[in-house]
Amino acid sequence: MNIKVMKFGGTSVATPEARMTSALRVISAKEQGFQPVVVVSAIGRRGAPYATDTLINVLKEIDPSVEPDARELDLMIACGEIMSAVIFAHTLKTLGHSAQAFRGGQAGIRTDGVYGNARIVGIHPVSLFNSIEKGAIPVVCGFQGVYVSGDGAPGGELTTLGRGGSDTSGAAIGAALKATAVEIFTDVDGVKTADPDAVPNASTLRKVTYDEVAEIAHLGAKVVHPRAAEIAMQYDIPLWVKNTFSDDEGTEIVKREKHPGRRATGVTHTGKLVYLQFDLSSAGTETERTELEARIYETMARYEINLFMLNLSPNSTGFAVPRAQYSTVADVLDGLVIPLKGKVFLFQIGRNASREVETQATLLESLGDVRRVVAELTEGCTMVSLVGHEFMQTPGLFFDVLSTLNDAQISVLQTSDSDFSLSVLIPESESNRAVRLLHDRFKLSLVS
Amino acid sequence: MSRTSKFMTEPISCDMDSPKSTPATFRETEFEKRRGVSRIEVRTGFAQVHVSEIAAPAMVGRLKVLKAVSEQQVSIDFLKLTPSGLSFLVSEDRAGAVQTVLEASGFSFVVSSGRSIVLVHAVNMRDEEGLISRIVQTVIGTNVSVDHIGDMHDRLLLVVKDADAAKVAQRFRESLIPTELER
């Protein structure tokens, strides 16, 4: 059976015209001898009437001070894909093709049961095969599955898959059905060398490896989710990213062995971050410094803070945190008092002490040796990354990146690097300019 | 056997003989990568270079260091900016070349040979709240001196002395990897 999984994103199902275009692509695949299996996202993007964020807001607007339960939230937002699947299946019927809509659970998608961020643990696609056997085109809700507890509770608990969930559903169903290909349809021509909003002449990459696309996606490109790429890589399924609304050939995601060769692949940007650099020079001994570091990271772990761009040096440590979590970080660290062997360390966030820190300092004066640990604070940061294939070992690469930004008076707060990428933390206001400069510096408009 | 079984890829398991079996017969698989720490890896053969006391503006001095090193055709990893300088890793067999060029340029620096990278692999670790902090907390708890630390979306890297690498890796395996996974 020559199965092709065709996943359509929000913009590809946003309007009757878009759905018709998408449906005609499905029918075309069928006429070419493929057995299509469709996976759909919710209708429209942020702000659209049935988009995920709109459905979340319906609950939150009841009383913004009461956070909805994760379980109920999942039931709510799953409605977006259910509506989308039913409407898409019906659109296919109006075009003379039998189609059946399936919730994730009905399609046999089993998850680990984490509401709002579930991972797929297995797929039991019997109902999809039965549908195909009857001559129908299955249309599956992306972004959702069910968790079935050990005692086999009837129905199971609906869980959503979190960010990139519909892409993940598409790739996972492709793996379960041993599909010939998985095609991710969106509103751009494929994987680009940069965000076209920042770099209008960004190229469309014709071939990228699973590793590259996973790195690009993790570092900010929104065209395909890394979880989907990881599943496709694991099961060796050909994965394509295509534009619903153009005849561009799109991007083929391939194994490392089929890669065209060493190159810079793209520049991405992601994250609204706050950077904190703690000056630990007030610690008199190595033991005290280690203890202070331990307390900082223990506190971050206790409050489940996500960290980026970590660094340790002999007298300092630093990291970036998501802006959404910064108020928690400030609450727990600013004014924190750590007594250590006859000394008292008082944490201060920012160069200017808050009223709470000054009050603490006054109260602690009688205790003797009070030392401040000041964290320099830089708000409004983002991460810009250069992604490449067999490129990061190039001698002089760090110099090229940092000098390009320095020449343009863009300050770099910190860096991090991996086998596939080099990231810099910079002011968010310079994000697009930095992306453009690096895109030009590495001649990415010539890459394909 | 059910006709559907021919379509199933090996790791996606279910009760093949009973397509209508209850969901309880469904066995957890490694379909998507498991959350949390999955693997610890140690890479050896590195030297840590720490350049300090660079005069302001620090970035100009840092660029001089990077240019000098790149002119020796030495590739570097794990660059970190420090308040008054920078640090990075080089392959141990290129440490001599780096030392020579930095000496010639008059920089204040330390080259520490015999360094290993301990890599803690965890899928989407930046999205797993508190995970990175827990890993750092764990390594600090070993009382091993960590030269540097870095994070990527799927792994955390720690630079330690060769002699300490096994101890750190073992602590991570004991503390962070579930017992049902291979340590």
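This report describes a predicted model of a complex with chains A and B.

## Confidence in the model

For the complex as a whole, the predictor gives an ipTM of 0.77 and a pTM of 0.81. Chain B has an average pLDDT of 79, and 80% of its residues score at least 70.

Residues 1-29 of chain B have a pLDDT below 50.

## Chain A as a whole

Chain A contains twelve helices and 20 strands. Along the principal axes, its C-alpha atoms fill a box of roughly 85 × 55 × 35 Å. Of the 448 residues in chain A, 52% are buried.

If one takes the contacts between residues at least 6 apart in sequence, 72% of them join residues at least 24 apart.

## The domains of chain A

The domain assignment divides chain A into domain 1 (3-187), domain 2 (272-379) and domain 3 (382-446). The C-alpha centres of domain 2 of chain A and domain 3 of chain A are 29 Å apart.

These two domains touch: nine residues of domain 2 of chain A are in contact with seven residues of domain 3 of chain A. On the domain 2 side, the elements that give two or more residues are β13 (263-279), β14 (308-313) and β15 (316-322) of chain A. By class, this side of domain 2 has five nonpolar, three polar and one charged residues.

A:Glu358 lies in helix α10 (residues 355-364) of chain A. A:Glu358 has 14 other C-beta atoms within 10 Å, so it is partly exposed. A:Glu358 and A:Gly335 are 23 residues apart in sequence, and their C-alpha atoms are 8.4 Å apart in space.

A:Lys443 is in the segment after α12 (431-441) of chain A. A:Lys443 is exposed, because 11 other C-beta atoms lie within 10 Å. The phi of A:Lys443 is near 50°, which is a positive value in a residue other than glycine. Most residues other than glycine have a negative phi.

## Where the chains meet

The contact between the chains involves 51 residues of chain B and 57 residues of chain A. Elements of chain B that each supply at least two residues to its side are α1 (58-71), β2 (77-82), α3 (131-140) and β5 (148-151). The side of chain B that touches chain A has 23 nonpolar, 17 polar and eleven charged residues.

## Helix α1 of chain B

Helix α1(B) has 14 residues. From its first C-alpha to its last, α1(B) reaches 20 Å, close to the 20 Å expected at 1.5 Å a residue.

Which residues of α1(B) are buried? They are B:Arg62, B:Val65, B:Leu66 and B:Val69. Seen down the axis of α1(B), the buried residues fall within an arc of 95°, so they line one face of the helix. An α-helix has 3.6 residues a turn, so residues three or four places apart point the same way. The buried residues of α1(B) pack against α11 (397-407) of chain A, and also against β1 (37-52), β2, β3 (85-91) and α2 of chain B. On the face of α1(B) turned away from the buried side are the exposed residues B:Val60 and B:Glu71.

The loop between β1 and α1 of chain B contains B:Glu53 and B:Pro57. B:Glu53 is not a glycine, but its phi is positive, about 55°. B:Glu53 counts as exposed because it has 10 C-beta neighbours inside 10 Å. The peptide bond from B:Ala56 to B:Pro57 is cis, with omega near -5°. Most peptide bonds are trans.

At the other end, α1(B) is followed by B:Gln73. The phi of B:Gln73 is positive, near 60°.

Terms used
Residues are numbered from 1 along each chain as its sequence is written. Chains are lettered from A and ligands numbered from 1 in the order in which they are written. This is a predicted model: local features need pLDDT of at least 70, side-chain atom pairs count only at pLDDT 80 or more; totals for chains, interfaces and linings use all residues. Domain bounds come from an automatic or database domain assignment. Helices (H or I, at least four residues) and strands (E, at least two) are DSSP runs, numbered from the N terminus. Ala, Val, Leu, Ile, Met, Phe, Trp, Tyr, Cys and Pro count as nonpolar, Asp, Glu, Lys and Arg as charged, and the others, Gly among them, as polar. A residue is buried if 20 or more other C-beta atoms lie within 10 Å of its own, exposed if 12 or fewer, and partly exposed in between; C-beta atoms are placed from the backbone. pLDDT is the predictor's confidence in each residue, from 0 to 100. The expected span of a helix is 1.5 Å times one less than its number of residues. The arc is that of the directions from the helix axis to the C-beta atoms.
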